[in-house]
Amino acid sequence: MLTINEMLSELENADVVTKNKIENALVSKGSAVVPELVNQLQVVRGVKRGVVAMTLIRLGDASVKYLEQAAHDNKDFEWVAEYLIREIKGIAA
């Protein structure tokens, strides 16, 4: 079983099918991966960031409290967290 970091590393040269498989694999891990994904979201860029963000959105309410905490702790990340929370809650930006 790959770690989150290993899964994200595979995204660097991934095609769309592989990207979707990795996103689905992350989602299948459930809420247990949310804290690590929120941490990763603050440092990864590009495709990795997009997949992590979509995974958090798909995991839904389980992501909200961790995103709120990250926004509180990291003001530079606040807008990203608020955007994702709006997406999760279905509120138009």
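Modeller: Glu-23 lies in helix α2, and the model in which it is seen is a predicted one. Glu-23 has a relative accessible area of 9% and is therefore buried, the cut-off being under 20%. Setting aside neighbours within four places in sequence, Glu-23 is in contact with Val-51, Met-54, Thr-55 and Arg-58.

Val-27 also belongs to helix α2, which spans residues 16-28. Because its relative accessibility is 18%, Val-27 counts as buried. Beyond its neighbours within four places in sequence, Val-27 touches Thr-55, Arg-58 and Leu-59. From Val-27 to Gly-90 the separation is 63 residues in sequence and 19 Å in space, C-alpha to C-alpha.

In α3 itself, residues 34-41, the buried positions are Val-34, Leu-37, Val-38, Gln-40 and Leu-41. Viewed down the axis of α3, these buried residues fall within an arc of 160 degrees, so they line one face of the helix. As a general point, an α-helix has 3.6 residues a turn, so residues three or four places apart point the same way.

Two helix pairs may now be described in turn. The axes of α3 and α5 are 9 Å apart, and the two helices pack at an angle of about 40 degrees. That angle makes α3 oblique to α5, and α3 passes α5 in a right-handed crossing. On the α3 side the residues involved are Val-34, Pro-35, Val-38 and Leu-41, which meet Ala-62, Ser-63, Tyr-66, Leu-67 and Ala-70 in α5. By class, the residues of this contact of α3 with α5 comprise 8 nonpolar, 1 polar and no charged.

The second pair is α4 and α6, whose axes come within 9 Å and cross at roughly 45 degrees. These helices are therefore oblique to each other, and the crossing of α4 and α6 is right-handed. Arg-49, Ala-53, Leu-56 and Ile-57 of α4 make the contact with Val-80, Leu-84, Glu-87 and Ile-88 of α6. The contact of α4 with α6 has 6 nonpolar, no polar and 2 charged residues.

Note on methods. Residues numbered from 1 in each chain as written. Predicted model: local features only at pLDDT ≥ 70, side-chain atom pairs only at ≥ 80, totals over all residues. Heavy atoms only, no water. Helix = DSSP H or I, 4+ residues; strand = E, 2+ residues; numbered from the N terminus. Buried < 20%, exposed > 50% of the residue type's maximum accessible area, 1.4 Å probe, protein only. Contact = heavy atoms within 4.5 Å. Arc of directions from axis to C-beta. Axes fitted to C-alpha atoms, helices over the stretch in contact; angles between N-to-C directions. Parallel < 35°, antiparallel > 145°, perpendicular 65-115°, else oblique. Left-handed = near helix turned anticlockwise from the far one by under 90°. Nonpolar A, V, L, I, M, F, W, Y, C, P; charged D, E, K, R; others polar.
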